[in-house]
Amino acid sequence: FSYNVPMIWTPEEIKKLRLILKLSPKAFGEFIGVSNRYVNYLENGDRTPGKPLQILLNRIEKELKEKEG
């Protein structure tokens with residue numbers, strides 16, 4: 001079993017995902033298990049998500065796409 005991380009999440013993609021979920025940076029941070037400050041770092045490009053966070057973001061995105069149809 002292996003889970004490939006198909007993409008590196010850009011700051012714009014992270015912010016877009018948060019906005020699609022209609023969450024504040026604080027609520028999004030709580031949802032993905034990081035601080036509000038770290039969400040801001042990610043969205044400003046000051047930090048890049050590590051592999052576990054990329055996998056989580058991919059999973060969230062996949063769930064959203066499956067709900068859409």
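**Ground rules.** I am working from a predicted model, where local features need pLDDT of at least 70, side-chain atom pairs count only at pLDDT 80 or more, and totals for chains, interfaces and linings use all residues. Residues are numbered from 1 along each chain as its sequence is written, and side-chain values use heavy atoms, with hydrogens and water left out.

**Entry one: α1 and α3.** I took helices as DSSP runs (H or I, at least four residues), numbered from the N terminus. I looked up helix α1 (residues 11-20) and helix α3 (residues 36-44) and found that their axes come within 6 Å and cross at roughly 130°. The axes are lines fitted to C-alpha atoms over the stretch in contact, with angles from 0 to 180 degrees between N-to-C directions. α1 and α3 are therefore oblique to each other; angles under 35 degrees count as roughly parallel, over 145 as roughly antiparallel, 65 to 115 as roughly perpendicular and the rest as oblique. For contacts (heavy atoms within 4.5 Å), I noted P11, I14, K15 and R18 of α1 against V39, L42 and E43 of α3. These residues divide into four nonpolar, no polar and three charged.

**Entry two: salt bridges.** I counted two salt bridges, each a side-chain nitrogen of Lys or Arg within 4 Å of a carboxyl oxygen of Asp or Glu.

Next I checked helix α2 (residues 25-32) against helix α4 (residues 51-68): the axes come within 11 Å and cross at roughly 105°. α2 and α4 are therefore roughly perpendicular to each other. F28, F31 and I32 of α2 make the contact with L53, L56, L57 and I60 of α4. By class I get seven nonpolar, no polar and no charged residues here.

Methods:
Helix = DSSP H or I, 4+ residues; strand = E, 2+ residues; numbered from the N terminus. Nonpolar A, V, L, I, M, F, W, Y, C, P; charged D, E, K, R; others polar.
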